[in-house]
Amino acid sequence: MDMALILLGRSTCRICGKTLNEGEDVVAFPSGLFPDSGDKKWVLNDAGAHRACLLSQPWGEQAIQLLEGFLGPAGLCVGDVD
Ligand SMILES: [Zn+2]
């Protein structure tokens, strides 16, 4: 699967600009999920964001729903992989 390359502790949230750290609720988006560059969600292509930051945006829930449709709910979590 062509997942976004998110390096916890290195990559930054596309919304708040802070580092995405291990243990935080991080949502990773694959490239090409939002093909319209005029869409606010376009910044999430091949990137990650905190779930709370996403949900603070009016378009955040829609972005998560699109991702769920793409991956299925089990594909959402990158934070706690055993
Ligand atoms: Zn954030």
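Which residues have the most contacts inside the largest nonpolar core? They are Val27, Phe29, Ala49 and Leu54, in a core of 15 residues. A nonpolar core here is a set of buried Ala, Val, Leu, Ile, Met, Phe, Trp, Tyr and Cys residues joined through C-beta atoms within 7 Å. A residue is buried if 20 or more other C-beta atoms lie within 10 Å of its own, exposed if 12 or fewer, and partly exposed in between, with C-beta atoms placed from the backbone.

## The model

This is a predicted model, in which local features need pLDDT of at least 70 and side-chain atom pairs count only at pLDDT 80 or more, while totals for chains, interfaces and linings use all residues. Residues are numbered from 1 along each chain as its sequence is written. The chain averages a pLDDT (the predictor's confidence in each residue, from 0 to 100) of 87, and 82% of the residues score at least 70.

## Layout

Along the sequence the pattern reads β-β-α-α, with two helices and two strands in the chain. Those are DSSP runs numbered from the N terminus: H or I of at least four residues for helices, E of at least two for strands. Of the 82 residues, 22% are buried. Take the contacts (C-beta atoms, placed from the backbone, within 7 Å) with a separation of 6 or more: 53% of them join residues 24 or more positions apart.

The largest share comes from β1, with four residues. Leu54 is in contact with Ile15, Val27, Ala49, Gly60, Ala63 and Ile64, leaving aside neighbours within four places in sequence.

In a regular strand the side chains alternate between the two faces of the sheet. On β1, Val26 and Ala28 point one way and Val27 and Phe29 the other, and all are buried. β1 and β2 pair in the antiparallel sense over four bridges; for strands to pair, DSSP must find at least two bridges between them.

## Two residues to look at

His50 lies in strand β2 and is the bridge partner of Val26. It counts as partly exposed because it has 19 C-beta neighbours inside 10 Å. Beyond four places in sequence, His50 is in contact with Cys13, Cys16, Leu20, Glu24, Asp25 and Val26. Its C-alpha atom is 9.9 Å from that of Gly17, 33 residues apart along the chain.

Asn45 is in the loop between β1 (26-29) and β2 (47-50). With 17 C-beta neighbours inside 10 Å, Asn45 is partly exposed too. Not counting residues up to four places away in sequence, Asn45 touches Phe29, Ser31, Gly32, Leu33 and Phe34.

## Helix α2

The twelve residues of α2 should span 16 Å at 1.5 Å a residue, and its end C-alpha atoms are 16 Å apart, so the two agree. (The expected span is 1.5 Å times one less than the number of residues.) Gly60, Ala63 and Leu67 are its buried residues. They sit on the same side of α2 because they cover an arc of only 60° around the axis, taken from the directions from the helix axis to the C-beta atoms.

What do the buried residues of α2 pack against? They pack against β1 and α1. The face turned away from that buried side carries the exposed residues Glu61, Gln65 and Gly69.

Definitions and conventions:
Contact = placed C-beta atoms within 7 Å.
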